[in-house]
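Morning, everyone, and thanks for coming. I'd like to walk you through one model today, so let me put it on the screen.

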Amino acid sequence: MSNNVSNLICNTLAINKVPFNYTPPEKDGFPSWVKPGDRKLLQSSTPRDNAVVAKDGSGNFRTIKDAINAASGSGRFVIYVKQGVYSENLEIRKKNVMLRGDGKGRTIITGSRSVGGGSTTFNSATVAAVGDGFIARGITFRNTAGANNAQAVALRSGSDLSVFYQCSFEGYQDTLYVHSNRQFYRDCDVYGTVDFIFGNAAAVLQNCNIFARRPRSRTNTITAQGRSDPNQNTGIIIHNSRVTAASDLRPVLGSTKTYLGRPWRQYSRTVFMKTSLDSLIDPRGWLEWDGNFALRTLFYAEFQNTGPGASTSGRVTWPGFRVLRSASEASRFTVGSFLAGSSWIPSYVPFTSGL
């Protein structure tokens with residue numbers, strides 16, 4: 001992972017000033033920060049499109065980049081990206097852009113930048129969401145650099161209040177860069193090997209499938225959270241999800257170790273709760289970054305996980321690791337508390353604000 005950018009950035013999020021037990025007003029079952037117009041978009045299977053992208057020329061644009069460049073106004077700009085493979089590297093700086101695809105594996109945005117190929121980790125992203133309020137639904141974000149080209153990001157999000165629904169993120173090392181600010185992932189798939197969910201956002205992944213792939217070495221680490229200051233209310237929260245081996249890892253499970261995470265920064269914070277952990281997870285659970293670095297200052301926790309990899313009897317004995325015993329402890333890390341405001345949403349967009 002590239003350290004240069006994060007060393008220069010102090011992630012002073014607005015949520016740093018919000019206590020864990022604060023619950024602001026909610027409406028229609030959505031977090032209060034989701035605007036009324038966006039609630040309708042997320043509830044509707046056919047939101048009104050401002051632009052249509054199609055490789056065959058049946059839309060307004062043939063490339064996603066051209067459609068983004070055409071986005072205007074202060075309201076939500078919805079871009080429907082028809083089924084197809086779009087080889088584009090995108091940096092989306094405009095606010096309130098929504099990309100709506102035809103589903104995982106159908107609408108695919110792909111790139112191949114990597115550290116092995118001469119890029120930086122930060123700039124290797126196939127898609128970088130920078131403008132606040134970004135939403136993606138039914139899109140696959142892919143980086144095809146492969147396991148041997150080191151860091152290669154499929155998606156980087158620094159977009160505050162960003163939502164990713166029914167999306168897939170496919171890569172190897174550093175697949176999903178949850179760079180900064182508040183982010184929510186629901187019904188998504190994430191594929192990778194080393195540190196493949198990493199960054200210093202306040203990020204919750206809920207009802208997601210996390211697939212460890214066959215690594216270049218014999219070690220996988222799912223997360224590498226980058227909290228560098230104990231006052232940052234950031235962390236990676238995996239809730240009500242499933243962690244299992246991708247098809248290419250299964251034949252070498254006996255010779256490959258997979259860990260829930262390792263501490264990229266001094267105050268790294270990651271919580272797995274009510275998640276199914278398959279047998280690929282090493283009994284120790286967590287891996288050191290470098291010797292004793294951060295083992296006293298990190299916050300790694302597990303709560304009511306299930307599956308053959310969920311037993312905590314053989315877990316690491318670091319001072320910073322703990323098994324949460326009460327619902328009140330774990331509730332600090334729910335969508336409602338950790339992202340400052342949410343509730344149950346309609347059944348057609350399942351969304352759990354509590355445990």
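Predicted model: local features only at pLDDT ≥ 70, side-chain atom pairs only at ≥ 80, totals over all residues.

Let's start with the open sheet. Seven strands make it up, in the order S4-S7-S10-S13-S16-S19-S22, and their pairing is parallel. At the edges sit strand S4 (90-92) and strand S22 (257-261), each of which pairs on one side only. From one strand to the next, the twist averages 10°. For a closer look at one pair, take S13, residues 176-178: this strand and S16 pair in the parallel sense over two bridges. There, tyrosine 177 stands opposite phenylalanine 198 in S16.

Staying with S16, this strand covers residues 194-199 and contains aspartate 195. UniProt, in an unreviewed entry, places the feature "active site" at Asp195. Is that aspartate buried or exposed? Aspartate 195 has a relative accessible area of 0%, so it counts as buried.

Now over to S10, residues 155-157, where we find serine 157. Serine 157 is buried too, again with a relative accessible area of 0%. Which residues does serine 157 touch, leaving out those up to four places away in sequence? The list includes Ala129, Ser162, Phe164, Tyr177, His179 and Tyr185. Of these, alanine 129 is 28 residues from serine 157 in sequence, yet the C-alpha to C-alpha separation is 4.7 Å.

On to packing. In soluble globular proteins, nonpolar side chains tend to be buried together. Here the largest nonpolar core has 59 residues, and those with the most contacts inside it are Ile79, Leu99, Phe141, Phe169, Tyr185 and Ile197. Phenylalanine 169 touches Phe141 and Tyr185, and its other contacts include Leu155, Phe164, Leu176 and Val190. A second, separate core has 15 residues, among them Ala202, Phe299, Phe338 and Leu339.

Ala202 brings me to my last stop, strand S17, residues 202-206. Five of its five residues are buried, so S17 is largely enclosed by the rest of the structure. Both faces are covered, with Ala202, Val204 and Gln206 on one side and Ala203 and Leu205 on the other. What does S17 pair with? Strand S14, residues 182-186, runs parallel to S17 and is joined to it by five bridges, and tyrosine 185 stands opposite leucine 205. S17 also pairs with S20, residues 235-239, in the parallel sense over five bridges, where the partner of alanine 202 is glycine 235.

Definitions and conventions
Residues numbered from 1 in each chain as written. Heavy atoms only, no water. Helix = DSSP H or I, 4+ residues; strand = E, 2+ residues; numbered from the N terminus. Buried < 20%, exposed > 50% of the residue type's maximum accessible area, 1.4 Å probe, protein only. Contact = heavy atoms within 4.5 Å. UniProt positions renumbered as here; feature names shortened; annotations may be inferred. Pairing = 2+ DSSP bridges. Axes fitted to C-alpha atoms, helices over the stretch in contact; angles between N-to-C directions. Core = buried A, V, L, I, M, F, W, Y, C linked by side-chain atoms within 4.5 Å.
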